[in-house]
Amino acid sequence: MSLPEAVFLILSAVAVASAVLAVGSHQLVHAALWLVVTLGAVAGCFVLMTAELLAWVQVLVYVGAVVVLVVFALMLTRSPTGSQSAEVTRNRPLAAVLGLLATVGLAATVIAGFRHERITGRLPGTAASIGDALFREWVLAFEVLSVVLLAALVAAIVISRSGSENR
Amino acid sequence: MIRRWPYVALTAVVAVAVAIWAIPELDQRAFFGYVPTNATPTMLPSLSLDTRVLPDSAKVMLLAAGVTLLVQVYSTAYMGKDRRYRSYALLIVLFLVAMIAVVATDNLFVLLIGWEVMGVCSYLLIGHWWEQPQSRAGAMKALVVTRFGDLGLLVAIVVIGQTYGTYSITGAWVGAADQGQQHGTAIGLLVLLAVVGKSAQVPLQTWLPDAMPGPTPITALIHAATMVAAGVYVFARLLPLYGNDTTVMTALAVVSGVTMLLAALFALVQHDLKRALAWSTVSQLAYMFAAIAAGAADVGISHLVSHGAYKALLFLGCGVVMHAVGTSALSAMGGLRTTLPATFWTMTIGFAALAGIIPTVGFFTKDRVLESIHVATHGETPLPGGVAWALLVVAYVTVFVTAAYAMRLWMLTFLGLPSKQHVEPPSMTWPLVALGVACLALSIGEPLDLDTAALSTLVALAGIAFAWWRQDADLPGPVQRPLAAELGLDHPITRLIPAGTIGVARVADAADREGIDVYPRGGAVLAGLVSSAVRALQTGRVQVYASVIAVGAFVVVLVGVIAR
Amino acid sequence: MIVAALLVLLAATVALMAAPDRFRGRSAAGLGAAASALTFVLLALAWDGKASTSGEVDVAWIDVLNARFHLGLDGVSWPLALLTAFLTVLCCWWLARSGAGPAPSARFVALLLVVEGSSIGVFASLDLLLFFVFFELALIPMWFVIAYWGDPKDQAGRRRAATRFLLFTVTGSAVLLVGIVVVAIEAGSLQIADVQGTHSVLAASLIAIGLAVKVPIVPLHTWLPDAHGKAPTVGSVLLAGVFLKLGTYGLIRLDVQMLPSATAEIAPYLAAAGVVGIIWAGLVCLVQDDLKRLVAYSSIGHMGFVVLALATMTEAGVTGAVFGSVAHGLVTGLLFFLAGGLKDVHGTASLTALGRGLYERTRWFAVALLVAGLATMGLPGLAGFWGEYLSLRGAYEEGALDRSLAWTLLGVATIGIVLATAYVARFVRMLLQGEPTPIDTDRDLRARGVVVALVVPILVLGLWPTLLTDLLGSGVMGTSLLGVGR
Amino acid sequence: MSIPIDWATAGPAVIVATSALVALMVDAFWPRRSWFASSLPLLAGLVGGFVELGRTGSVDDVSAALTFVILAGTVLVLVGATVMSDEDSMPPGELHLLLGSAASGALVMVAARDLVTLIVAIELLALPSIALIGLRQGDRRGIASSWTFFLTSVVSTAVTLMGVALLYGSTGTLTYAGLSRELVDPAVPDAVVAVAVVLTLVGLLFKLGAVPFHAWVPDTYRGASVVIAGFLASVSKAGALGALLVLLAIGLSPVDDVWVPVIAVVATASMTLGNLAALRERDGVGMLAWSSVAQAGFLVAPATAVLTAEGLSAPLQYLAVYALANLVGFTALAVVLRTRGSTSYDTLTGLARSEPWLGVPLAFVALTLAGFPPAVIGLVTKYVVLRPVVDDGLTWLAVVMAVNVMLGLAYYLRLVVVLVSRPADEPDGITSRPAAPTGLATAAVAVGTAALVVLSVLPGLLIDHLP
Amino acid sequence: MPLLYPLLLSSALFGIGLYGVLARRNAVMVLVGVELMLNAVNLQLVAYDAWFAETLHTGQVLTLFVIALAAAEIGLGLAIVMAMFRATGSIDVDEADRA
C-alpha cells in the first residue's frame with residue numbers, strides 16, 4: 001500500500017465518520033461543522049486523484065460559501081442550537097433502510113464493474129487543462145450554467161421576498 | 001245479431017272460394033303417383049305463392065272450409081253474447097286461411113307459416129276466456145308444447161333445404177325421386193316430432209285435453225277438422241322424402257300404437273264429456289298415423305276427413321249440451337234424449353261413426369285403416385312385419401275400447417231420466433244436421449272388405465256390449481284410478497319440466513344479477529382500494545415523497561437489471 | 001348523398017343545441033323527425049342498386065396514417081343505415097305524440113340525432129379509423145340520454161346504469177382499437193378493402209372481444225339490462241335497435257369479411273358464446289319481473305342467434321346475421337316502445353305492479369304487445385323468424401365450425417326458441433290476460449302510428465324476406481361488396 | 001429519420017433566454033411597473049424563437065417539432081399569466097425572467113446532445129420553476145409546494161447525476177454520440193450500465209411526473225398558480241419528453257434491452273395509478289394533476305419503440321395535443337379561480353351553462369384528454385401512440401393502455417357532467433372577488449379550443465406535419 | 001490506487017446523504033444531506049476522470065458544473081427555507097408541509 005493510498009483511506013474514514021455525524025448530530029451547528037470536515041476530506045481526496053483545481057473550488061465554494069450560508073440560515077431561522085428532542089422525522093426507519101440500500105446497491109454495482117481497475121493519475125486536472133476543456137468542448141453547457149446561476153439568483157430573491165410579503 | 005253475420009259471410013266467401021278451387025282437383029292424379037317436373041333450386045329463403053293441390057289436399061281443404069263455415073254459423077248462437085265476438089270470429093277466419101295455406105302450398109316456408117299461425121290462433125282461441133285461470137294455463141301449455149314440436153319442422157326444413165337445395169315441396173320430391181331419399185331418417189324423425197306435437201300424440205299428448213277450457217266450437221274446429229289434422233296431412237305430404245325409411249315408419253307405428261290405445265282408455269274413464277271427446281280425438285289421430293305407417297297415406301287422409309266430420313259433429317253437439325246444461329260434466333247430463341231431440345239424433349250418428357258402426361263413414365274409413373295395417377304385415381312396406389302385427393292387434397283392441405267409450409258417453413248423456421226443458425237454437429242445430437248428413441253421405445261409394453268388416457264389427461259390438469254391461473259404473477279400481485289420472489304422463493310436462501326450468505332460470509337470474517358481475521365489481525373495488533392507497537401517500541410530507549422516489553428508483557433499477 | 005345525410009343531421013343537431021329554451025317539446029321533436037326523415041330519404045337514394053358499394057365518398061383525411069374519409073354503403077350496411085334513420089324518425093314521432101315520460105327537450109332530441117348520425121357513420125365507414133371515431137361518437141350522448149332523461153324515479157340508479165353502460169362499452173371499444181391497430185400494422189393500411197384478407201388471429205380476437213361487449217355476448221352483457229331498465233323509452237329503442245347493431249355489424253364487417261381466415265379460427269368460441277347467450281337470456285327472461293329488463297334480456301338472446309349466424313361464416317349465416325339484426329331492430333324497437341310506454345304511463349315496468357288484464361284495461365297496448373311478443377318469439381311470417389332460420393341453416397351447413405359442434409349448437413339454439421315462446425306466453429299471461437285489475441294510472445297507447453309503422457315492416461319482411469336477402473345476394477362473403485369501385 | 005447534432009437547434013433557446021433578461025431589465029428601468037412592458041420582450045423573444053426555428057430547422061426534425069411545442073406552449077402560458085397581473089405583489093419582470101429562462105431550459109434539454117448540457121438544462125428548467133411555483137401570493141401553499149418540488153427535484157437530480165457518473169465510468173464519455181458508440185463495446189460492464197441507464201432516466205421521468213416519481217405532482221399543481229401548473233404540465237413535460245426521446249433514440253440506443261422494460265413498467269404504473277387516483281378527485285386542478293400523471297404514462301409508452309420512426313414521432317404527436325389541451329384547461333381554470341375563488345367541482349357545476357366560453361372549452365379539453373369524439377384529435381392521437389407499441393410486440397402494454405382509456409373516461413366524463421349540470425344554487429363569492437383582467441386569458445382559451453376543434457375535423461393538419 | 005476506494009467512499013456518502021435528506025426534521029439539515037449526495041457524485045466523477053485520464057476532462061468539468069449547480073440549489077433552497085420560516089415561524093419540515 002502506497003502512501004497516497006493510505007492517506008486516501010484515512011481521509012475516507014474521516015469523511016464517512018464526519019458525514020454520519022453531520023446527518024446524525026442533534027446539535028445543528030455541530031452538524032454544520034461536521035459537514036465542513038466531510039467536504040474538506042473530500043477535497044483532500046480530490047487532490048489525491050489529481051484534481052487540484054476542483055479541490056480548490058470545493059474548499060472555496062463549499063467550505064467558504066455554502067457552509068457559511070448554512071450557518072447563517074440556522075441562525076436567521078432561530079433554529080435551536082441545543083439538543084432537540086424531535087430531531088428526526090417519523091420517516092427515519094425507512095430513511096435508514098433506504099440509505100443503507102443505496103450504499104450497498106451502489107457499492108455492489110461498482111464492485112461488480114470496477115474491482116480490478118487502478119487509478120494511475122497520468123493527466124492532472126489543473127486549472128489550465130480544465131479551462132481548456134471547458135471552453136473548447138463544453139461552451140454551451142457553460143453558457144447555460146451562467147443563465148442557471150442568474151435565474152437561481154433571481155429565483156432566490158423572489159422566493160424570499162414572497163415570504164416576507166405574505167404577512 | 002246482425003253484426004255477427006258479416007263474419008259468417010266472410011267465412012262463407014272463403015269456403016266457397018275453396019270449394020271452387022278444390023272440387024275440380026278431387027279427381028286428378030293420385031296423391032303419390034305424381035311426379036312433378038319443374039323445380040327451381042334456391043339457396044336463400046324464398047316464399048312463393050305456388051300451390052299444388054292434389055285430390056287429398058282438396059278433400060282436406062273442403063273439410064276444413066266446410067267445418068269452419070259450420071262452426072262460424074254455430075258460433076253466432078253459441079258465442080253470440082260474447083263481448084269479444086269480433087276477435088273470436090276473425091281469428092277463426094285467420095285460422096282457416098292458415099289451414100288452407102298449409103294444405104295447398106308448395107312452399108315449405110308457407111307451410112311453416114300456416115302451421116305456426118294455426119298454433120298461435122289456437123293459443124289465442126283456447127285462451128279466449130282469459131279471465132279463467134284454466135284457460136290461460138291451457139292456452140300457454142298448448143302454445144309451448146306445440147312450439148316445442150314445431151322445432152322439428154323448422155329443423156327439418158333446414159335439412160331439406162340443405163339437402164335438396166330447394167324449398168319447394170315438389171322440388172324436394174323430385175330430388176328425392178332422382179337422388180333417393182337422402183337424410184330420410186333425420187328429416188322423417190324431425191317431421192315426426194313436429195306432428196307428434198301438433199297432433200297431440202304420445203309423448204306430447206297432454207296439451208290437448210287441457211285445451212278444453214276454450215270455447216267448444218273452437219274445440220270442434222281445432223280438434224276435429226283443422227289443426228290436429230294438419231299434423232297427419234303434413235306428415236303424409238312430406239312422406240316422399242322419408243317414406244322408405246324403416247326407422248321413421250317404425251317410430252311412427254310405435255307412437256301411433258301406444259297413443260291410440262292409451263288415449264282410448266283415457267277416454268273410457270273420463271267423467272267429462274268434452275275431455276273424453278278430446279282423448280277420443282287423440283286416439284283417432286293415431287289411427288291415421290297407423291295407416292301412414294302401414295304405407296297407406298291415402299287411407300289415413302280418408303280417415304282424417306271422415307273423422308273431421310263426425311268429430312266436429314260430436315263437439316258441436318257437445319256444445320249444445322253444454323249450452324243447455326251449463327257444464328260438460330257427465331254427471332250433470334242424462335235424459336237429454338227428449339229435451340234435445342235434434343242433438344240426440346245427430347250425435348247418435350256421430351257416436352256410431354266413432355264406434356265404427358255401419359253405415360256411417362267412420363265404419364268404412366276405420367276398416368280401411370285396419371285393412372292397410374293388415375296388408376303391411378305381409379312385409380312389403382318399410383314397416384317391419386312384427387311391428388305391423390303388433391300394431392294390428394293394438395288397433396283391434398282400440399276398436400273395442402272405442403266402441404265401449406262411445407257407447408258409455410252416449411248412454412250417460414242421453415239415456416236416463418229427463419231433467420228440465422232445454423232449447424236448441426236453430427243456428428246451432430243446423431250445422432249438426434249438416435254434419436250428420438255428411439257422416440252418412442260420405443260413406444257412399446266407399447269400398448268394403450268383408451273380412452275386416454266382419455271382424456271389426458264383431459269387436460265393436462263386443463265393446464258396446466261391454467259398455468252396456470258396465471252401465472255407468474267405473475272400471476275396477478286398480479285399473480280405473482291410474483287411467484283416470486292419465487297414468488301421470490302429464491306430470492313431467494306440467495310439473496317437472498316447468499318447475500325444473502324455472503328453478504334453473506332463477507339460478508341463472510341470480511347468477512346474472514350477482515355472479516357474472518364479479519369482474520366489474522371486483523375491478524371497481526380493487527380500483528377503489530388502489531386509488532385510496534395512492535392518494536394516502538399524498539400526505540403533504542415531502543420526505544415521504546422523496547422516499548417514494550428513492551424506492552421507485554430501486555424498483556426500476558431492479559427491473560432494468562433483471563431485464564438485462 | 002351519405003355526406004349530405006350526415007350534414008343534415010349535424011345541422012339539425014347544432015340548431016337544436018343552440019335553440020333557445022322556449023323552443024322545446026313538440027317542435028323540437030318535429031324538427032328531429034323531419035331531419036331524420038330527410039336523412040332516410042337521402043340514404044335511400046344513395047343506393048344505386050349495384051352489388052357493389054354505393055354512394056362512395058373518398059377524400060384524404062390523415063395521410064400519414066393512410067386514414068381517409070371514406071364512406072360508402074353496400075348491401076350489408078345500407079339496410080342497417082336505413083333502419084337507424086327509420087327508428088329515429090319513430091323516436092321523434094313518439095316523443096311528439098306519446099305525451100308520457102320525460103318531456104322532449106331540444107337537447108334531448110339533439111342527442112338522439114347524434115346517436116343516429118354516428119351510427120349511420122359507423123355503417124357507412126370504409127376506413128377503420130373513421131369507423132372507430134363514429135363508433136365512439138355516440139357513447140357520451142347516450143350516457144346523457146340515460147343519465148338525464150332516464151327513469152325519473154331513480155336518479156342515482158339511472159346515473160349508475162349509464163356509467164356502467166359507458167365504462168363497459170368503452171373498455172370494449174378500447175380493445176377494439178388495439179385490434180384495429182394490429183390490423184393496420186399487419187396490412188399497412190386503414191382501408192377496409194385493402195386490409196381484407198389479412199391473417200391475424202390476434203387482431204380478430206381483439207376485435208371480437210371488443211365488439212362482444214357491444215353486441216353483447218354473454219358474459220359481457222350485464223350492462224345491458226341495467227341500461228335498458230333505466231333508459232328513457234326512446235333511449236331504449238335506439239340502444240337496442242341501433243347500438244347493438246354496431247356490434248354485430250362490426251363483427252360481420254371487421255371479422256367475418258375483413259379477416260375471414262383468422263376469424264374462422266375463433267369462430268367456434270364465438271358461436272358457442274352466442275348459443276350460451278341464447279339459452280342464458282331465455283332462462284333469465286323466464287323469471288324477470290321488470291318488463292324492460294325482460295325485453296333487454298330477450299335482445300341478448302336474439303343477438304345470440306345473430307352471433308351464431310355470423311360465426312358460421314356461411315353465406316346463409318351472414319345473411320341471417322344481417323337479417324336478424326334488422327329484424328331485431330324493428331321487433332325489439334317495437335317492444336321497447338311499448339314497454340317504455342307502459343313505464344312512462346305507470347311509472348313502473350314491473351309485471352306484478354302493472355297488474356293483470358291489459359286486454360281489458362288498455363286494449364291498444366295489449367294488442368300491440370301481443371304482436372310484438374309473437375314477433376320476438378320468432379313466429380314464421382314475421383320478421384324475427386328469418387334471422388333465426390338462417391342462423392340454424394348456417395349452423396347446419398357447418399361453415400367455419402366442425403360438424404359435431406355445429407350440430408350441437410343448432411340443437412341447443414332451438415331450445416332457445418321454446419324458451420322465447422315460454423317467456424312471451426308468460427308475460428302475456430301475467431300482464432295481458434287475467435282478471436282485470438284497473439289502476440288509476442291506466443291510459444291507453446297514444447302514439448299508435450309508431451306501432452303501426454313498425455308492425456308493417458315486420459310483416460312485410462316476414463312475408464317477403466327476399467326484399468332483404470336479395471340485397472345481400474351472393475356477395476355477402478365475397479370481396480365484391482368492398483372491392484368494386486376502388 | 002435522423003437527429004443531427006446541431007448547434008443551431010440551440011438558437012431559439014439563446015434568443016428566449018436573452019429576451020427573458022431584457023424583460024427583467026425593462027421591468028427594472030420602466031418608470032411604472034407594467035405587466036405589458038415586461039411581457040413584450042419575452043413575447044418578442046418567443047416569436048424570435050419561432051423565426052429562428054423556421055430559419056434553421058426543417059419541421060421534419062424531432063427537435064424542431066419539440067421546440068415548436070415548447071415555444072407555442074410558453075406563449076400560451078405568457079398570455080394566460082395575465083390573469084395574475086393585477087396582483088400588486090407579483091413582480092412582472094422576475095416572473096417573465098423566470099418563465100423565459102425555464103422555457104429556454106426546456107429548449108436546451110431538447111437540443112442537448114450530451115449529458116453535461118442535459119444536466120445543466122434540467123436545472124435551468126427546474127430552478128426557475130421552483131420559484132414560479134412559490135410565486136403564488138397570499139397563500140402559504142405556494143411556498144410549501146415550492147419546497148415539495150424543490151426537495152423531490154434535487155433528490156431526483158442527485159439520483160440522475162449518480163447515474164450519469166456511473167455511465168461516465170462505464171464508457172468514458174458523456175456525449176450521446178460517444179455513448180452510442182461505446183455502449184456496443186462488449187467490454188463495458190453490463191451491470192453498471194444497467195444501473196447507470198436506469199438512474200439516468202429517473203430525472204427525466206421525474207420531470208414527466210411518471211409513477212413512481214410522481215408524488216410531487218398533485219401537491220405542486222394545486223399549490224402553484226394554476227397557470228404555472230399548466231406550464232409544468234405542458235412546457236416542462238415537453239422538454240423532459242423531448243430529452244428522453246433524444247437520449248433513448250441516440251445515446252442509449254444500444255442498450256434498449258435495459259430501458260424498454262423500465263419504460264413499459266413506468267408507463268403502466270403511471271397510467272393505471274394516475275387514473276385510479278384521479279377517480280376520487282373532486283377538484284378541477286387536482287383532476288388535471290392526477291390526469292397528467294396518467295398522461296405521462298401515455299406519453300412514454302410509445303417511447304418503448306423510440307428506435308423506430310413511428311415510436312419517435314408518436315409521442316411528439318401525442319404531446320402536441322396533450323400540451324395544447326392541458327394549457328387550455330389550466331388557463332380556463334385559472335380564470336375560474338380568479339373569478340370564483342375555487343376550482344372545486346361544486347364551483348364548476350353548470351359552468352358550461354353560465355359561462356359557456358369557459359365551460360365548453362373545459363369540457364372539450366376533458367374529452368380531448370379522454371380521447372373521445374367529438375374531440376376526434378384526442379382519439380386519433382390515442383391511436384397514434386398505440387401503433388408503435390403494438391408494432392413493437394408489446395401487445396400487453398397496448399391492452400393496458402386500452403383499459404386505461406376506460407379508466408380515464410370515468411373521471412373526465414365526471415368533469416364534463418359537472419360542467420353541463422344545472423347548478424344546485426348560485427355559487428357564492430362570484431362578485432366578492434375583484435374583477436380580474438381575464439380577457440386575454442379567455443381569448444387564449446378560445447383560440448386554443450378553436451385549434452382543437454379544427455384539428456378534430458382535420459387531424460391531418462397536425463399528424464401529417466409532425467415528423 | 002485502486003479505483004474502488006473512491007467509488008466505495010462515494011457510495012457511502014450517497015447513502016448517508018440520502019438518509020439525511022429523508023430523515024432530518026430541520027429543513028436546513030435536509031439541505032446538508034443533499035450536499036452530501038452531490039459530493040458523492042463528484043467523487044465518482046473525479047475518480048473516473050482520473051482513471052480514464054482523458055484530455056477532455058469530462059468528469060472534472062461535470063464536477064465543476066455540479067458544484068456550481070449545488071451552490072445554486074443550496075442558495076435557492078435556503079431562500080425557500082427563509083420564506084417558509086417567515087410564513088410559518090418554523091422550518092420544521094413536517095409542519096411546513098401542512099401549511
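The unreviewed UniProt entry annotates "transmembrane region" at residues 6-24, 31-49, 55-74, 94-114 and 138-159 of chain A. Positions follow the numbering used here, feature names are shortened, and annotations may be inferred rather than shown by experiment. Residues 6-24 of chain A are 100% helix and 0% strand, with end C-alpha atoms 27 Å apart. Residues 94-114 of chain A are also 100% helix and 0% strand, and their end C-alpha atoms lie 29 Å apart. Helices are DSSP runs of H or I, at least four residues, and strands are runs of E, at least two, numbered from the N terminus.

This is a predicted model: local features need pLDDT of at least 70, side-chain atom pairs need 80 or more, and totals for chains, interfaces and linings use all residues. Residues are numbered from 1 along each chain as written, chains are lettered from A and ligands numbered from 1 in written order, and side-chain values use heavy atoms, without hydrogens and water.

Now the chains. Chains A and C do not touch; their nearest C-alpha atoms are 36 Å apart.

Next, the charges. K141(B) and D210(B) form a salt bridge (side-chain nitrogen of Lys or Arg within 4 Å of a carboxyl oxygen of Asp or Glu), at 2.6 Å, N to O. The pair links helix α5 (residues 133-164) and helix α8 (residues 207-210) of chain B, 69 residues apart.

Terms used. Contact means heavy atoms within 4.5 Å.
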